[in-house]
Amino acid sequence: MDNPEEDQNDRSIELMVRIGNGDMVAFEQLVDMHQHAVVGTVAKMLGNPSDAEDVAQQVFVRIWKSAARYTPQAKFTTWMYTITRNLVFNEVRRRQRKPSVSLDEREEEHHLSSSVDEGMRPDEETLQKELEAAVDAAIQELPEKQRLAVILRRYEDMPYEDIGEVLGLSLSAVKSLIFRARGQLKENLQKYLDS
């Protein structure tokens with residue numbers, strides 16, 4: 001039985017070999033395969049979809065520059081998310097030194113980026129948007145390692161072992177990190193859970 005994740009990993013490694021030899025078409029195919037996941041992860045980490053494109057572009061530039069030295073020691077996505085982690089954490093630190101986006105702008109972008117089920121009634125739609133914005137805001141309040149672990153687990157369905165490789169943590173440390181993050185999220189979202 002075919003395993004789509006293994007097939008994607010094998011395809012990514014095959015493309016990396018070609019990219020290492022300067023194949024731009026292979027690079028474009030790799031970007032097409034992984035761009036949505038990288039942009040989505042970066043946007044959730046930064047809380048700002050417009051900055052996500054810039055950081056995601058940096059991720060792929062790093063992949064291009066590293067292709068000749070790339071050796072598949074783990075899943076390709078684990079390596080890719082490690083690059084993503086480094087660039088996102090650098091961006092988070094840069095922002096802490098020099099905040100550039102007001103809270104109003106960030107809140108406005110959260111509302112613009114939320115997805116809504118077309119079959120919902122207007123009141124359900126409003127509640128859904130409100131809950132999504134609250135979840136996004138609660139995730140933004142988590143410390144960066146917890147935030148990335150939760151995003152990779154929840155939105156990318158990444159196994160704990162792979163999250164550990166991305167973050168440089170043991171399996172038990174990842175489970176503990178996510179457990180604490182979930183507790184913090186539950187606490188931050190309590191008013192929504194009570195209603």
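A pocket is an open set of points on a 1 Å grid over the protein atoms alone, with protein on both sides within 12 Å along at least five of seven lines, where a 1.4 Å probe fits, and its lining residues have an atom within 4 Å of a point. The structure shown is a predicted model, in which local features need pLDDT of at least 70 and side-chain atom pairs count only at pLDDT 80 or more, whereas totals for chains, interfaces and linings use all residues. Residues are numbered from 1 along each chain as its sequence is written, and side-chain values use heavy atoms, with hydrogens and water left out. The volume of the second largest pocket is about 360 Å³, a volume being the space filled by probe spheres set on the points, which are joined across faces, edges and corners. Its lining is made up of 17 residues, and E5, Q8, T77, Y81 and E156 are those that lie nearest the centre of the pocket. At least two lining residues come from each of α1 (4-20), α2 (24-46) and α4 (76-97), with α1 giving the largest share, five residues. By residue type the lining holds six nonpolar, five polar and six charged residues, where Ala, Val, Leu, Ile, Met, Phe, Trp, Tyr, Cys and Pro count as nonpolar, Asp, Glu, Lys and Arg as charged, and the others, Gly among them, as polar.

**The chain as a whole, as a setting for the close-ups.** The protein chain has 10 helices and zero strands (DSSP runs numbered from the N terminus, H or I of at least four residues for helices and E of at least two for strands). Of its 195 residues, 41% count as buried, meaning under 20% relative accessible area, with exposed over 50% and partly exposed in between (1.4 Å probe, protein chains only). Among contacts between residues at least 6 apart in sequence, 62% join residues at least 24 apart, a contact being heavy atoms within 4.5 Å.

Rings of Phe, Tyr and Trp (its six-membered ring) pair if their centres lie within 6.5 Å, and planes under 30 degrees apart count as stacked, over 60 as edge-to-face and the rest as tilted. By this rule there are four aromatic pairs, among them the edge-to-face pair of Y70 and F76, with 6.1 Å from centre to centre and 75° between the planes. The pair formed by F76 and W79 is tilted, at 5.8 Å centre to centre and 50° between the planes. F76 is buried, with a relative accessible area of 0%, whereas W79 is partly exposed at 24%; Y70, like F76, is buried.

**Charged groups over the rings of Y155 and Y160.** A charge sits over a ring if NZ of Lys or CZ of Arg is within 6 Å of the ring centre and within 35 degrees of the ring normal. The charged end of K44 is placed over the ring of Y155, 4.4 Å from its centre, and R153 lies over the face of Y160, at 4.3 Å from the ring centre.

E156, in the loop between α7 and α8, is partly exposed, with a relative accessible area of 27%. Leaving aside neighbours within four places in sequence, E156 is in contact with A37, T41, Y81 and I151. E156 and G40, although 116 residues apart in sequence, are 9.2 Å apart in space, C-alpha to C-alpha. D157, also in this loop, is exposed at a relative accessible area of 59%, and has a positive phi of about 55° although it is not a glycine. Most residues other than glycine have a negative phi.

**Helices α7 and α8 and the buried D162.** Helix α7 (residues 144-154) is mostly covered, with eight of its 11 residues buried. In α8, six of the eight residues are buried, so this helix is largely enclosed by the rest of the structure; the six are Y160, D162, I163, G164, V166 and L167, and the buried residues of α8 pack against α4, α7 and α9 (171-188). D162, placed in helix α8 (residues 160-167), is buried with a relative accessible area of 8%, and touches K75 and T78, not counting residues up to four places away in sequence. After α8 comes G168, whose phi is positive, near 70°.
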